[in-house]
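Hi,

Here is the structure I promised to pass on. Have a look at it first, and then read on for what I found.

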Amino acid sequence: MALSPPPAAAEAPAQAAAAETAPAPQAPTLAQVQPALSGLVTSLPSGRGENLVQWIHSGFRAHPDTGRFVGQFNQLLAGQRVTQLGNVRFRSRAQGAQLVVDGVIELHTLDTNNEAHVRDLHLRAFFQPQDGQPVLTQLVAGKLQ
């Protein structure tokens, strides 16, 4: 009488083959991340990085890069009050399963002497798929020109 392999042993090669053929996660699209980008933009007038990081997925907020972003953003806007937003431009590119979005947001500000300035804020946002939905994982404050 021939012995057949235990059911778990017979299923293991089939499960491994299925895992190998599973499609790699696709990077989110700009249209899919638009709600998070809109939230970021509406948080800008606060002038506080802490208000922007609320849009980062909770599982990524404790990462050291988040603290660096808050410090950089707050330093860029130190001594200025955002009074109005102007043109907002976003450009995106897929990087593996991640979507990288570069943004330039025109900020109208008043400094401590109540002098008006118009400057471009450069931001970079990183999104990745999680449970079928795009999530914001990181923000980088570029420069204020």
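Which side chain does the side chain of Thr109 meet in a polar contact? In this predicted model, the partner is the side chain of Gln80, at 3.1 Å. Thr109 sits in strand β2, which covers residues 98-111. With a relative accessible area of 2%, Thr109 is buried. Leaving aside residues up to four places away in sequence, Thr109 touches Gln80, Arg81, Val82 and Thr83, along with Glu115, Ala116, His117 and Arg119.

The charged pairs may interest you too.

- Asp102 and Arg91: the closest N and O atoms are 3.9 Å apart. Asp102 lies in strand β2 and Arg91 in strand β1 (residues 80-95), so this pair ties together parts that are 11 residues apart in sequence.
- Asp102 and Arg93: here the closest N and O atoms of the salt bridge are 2.9 Å apart.
- Asp102 and Arg124: the closest N and O atoms of this salt bridge are 2.5 Å apart. The pair links distant parts of the chain, with Arg124 in strand β3 (residues 116-130) and Asp102 in strand β2, 22 residues apart.

Through shared partners, these salt bridges join Arg91, Arg93, Asp102 and Arg124 into one network.

How accessible are the members? Asp102 counts as buried, at 12% relative accessibility, while Arg91 counts as exposed at 59%. Arg93 is partly exposed, with a relative accessible area of 36%, and Arg124 is partly exposed as well, at 32%.

Best wishes

Terms used: Residues are numbered from 1 along each chain as its sequence is written. This is a predicted model: local features need pLDDT of at least 70, side-chain atom pairs count only at pLDDT 80 or more; totals for chains, interfaces and linings use all residues. Side-chain values use heavy atoms; hydrogens and water are left out. Helices (H or I, at least four residues) and strands (E, at least two) are DSSP runs, numbered from the N terminus. Buried means under 20% relative accessible area, exposed over 50%, partly exposed in between (1.4 Å probe, protein chains only). A polar contact is a pair of N or O atoms within 3.5 Å; within protein, one must be able to donate a hydrogen and the other to accept it, and residues adjacent in sequence count only if both atoms are side-chain atoms. Contact means heavy atoms within 4.5 Å. A salt bridge is a side-chain nitrogen of Lys or Arg within 4 Å of a carboxyl oxygen of Asp or Glu.
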